[in-house]
Amino acid sequence: MSSHLHHFRVWRGDDTKGELVDYPVEVNEGEVVLDVIHRLQATEAGDLAVRWNCKAGKCGSCSAEINGRPRLMCMTRMNTFDDAEVVTVTPLRSFPVIRDLVTDVSFNYTKAREIPSFTPPEGVAPGEYRMAQVDVERSQEFRKCIECYLCQNTCHVVRDHEENKEAFAGPRYLMRMAELDMHPLDAHGNRAVEAQEEHGLGFCNITKCCTEVCPEHIKITDNALIPLKERAVDRKYDPLVWLGDKIFRR
Ligand code: SF4
Ligand code: F3S
Ligand code: FES
């Protein structure tokens, strides 16, 4: 098994100050960035803070920025870098740092709580819900989300504008609203217009950066955000749909 010393540069600090620290660290064949971060913890930087859980790309905990690109550390293979290339690991930029590579992602929990949950139709008891397979499949893709928040961290609406956080739910939660809007049994009301008026759908100018970084390869923009925008416009400005919504409120 081949191994070499690799030049790592890791952000160390807390919510008051921090800096990039250089470490030469052993890398073995087949390893991922998270393996190397763990070796750093075991050797030169015993107090390095890092959040992780599954090491299989499924818990969404090990999100960080690697050479400036938001990624899962456990799914970033070391053989994708040249042996001489410095690997720089920094915490997610859009969320406050707690320590080292660990950020406070509670913004996302707040946004999740702001979305009214699935509302079943009146008179249908649990166990009596029936859906066509085509409706199940339409939103299946969105349920692959592992809540890594890479999309939330990447979207320029909040990445460059802290002041937008209050009004913008972010791609992950606009996608959740799209999923509920597509649900044939959801009786909550007009989710698309609500997304537009109360959760900042209008901030999204479909740059697709969220889709590019999603480790589950969910087509967030094409399959959730654009259809949600189209339905918001249809429902808001089509007089027949508007009248229908008033009379047969879903
Ligand atoms: Fe992560 Fe993709 Fe879910 Fe966004 S949609 S939180 S990038 S898995
Ligand atoms: Fe942001 Fe994705 Fe829209 S990156 S602007 S939510 S397409
Ligand atoms: Fe679970 Fe990386 S440790 S996704």
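**Close-up 1. Asp 186 and its salt-bridge partner Arg 191.** Asp 186 is buried (under 20% relative accessible area, with exposed over 50% and partly exposed in between; 1.4 Å probe, protein chains only), at 3% relative accessibility. Asp 186 pairs with Arg 191 in a salt bridge, with 2.8 Å between the closest N and O atoms. A salt bridge here is a side-chain nitrogen of Lys or Arg within 4 Å of a carboxyl oxygen of Asp or Glu. Arg 191 is buried as well, at 1% relative accessibility. The model is predicted: local features need pLDDT of at least 70, side-chain atom pairs count only at pLDDT 80 or more, and totals for chains, interfaces and linings use all residues.

**Close-up 2. The salt bridge between Lys 208 and Asp 222.** The closest N and O atoms of Lys 208 and Asp 222 are 2.8 Å apart. Helices (H or I, at least four residues) and strands (E, at least two) are DSSP runs, numbered from the N terminus. Lys 208 is partly exposed at 33% relative accessibility, and Asp 222 is partly exposed at 36%.

**Close-up 3. The salt bridge between Glu 65 and Arg 159.** Their side chains meet at 2.9 Å, N to O. Glu 65 belongs to strand E3 (residues 63-66) and Arg 159 to helix H5 (residues 156-159), 94 residues apart. Glu 65 is buried at 4% relative accessibility, and Arg 159 is buried at 18%. Residues are numbered from 1 along each chain as its sequence is written, chains are lettered from A and ligands numbered from 1 in the order in which they are written, and side-chain values use heavy atoms, with hydrogens and water left out.
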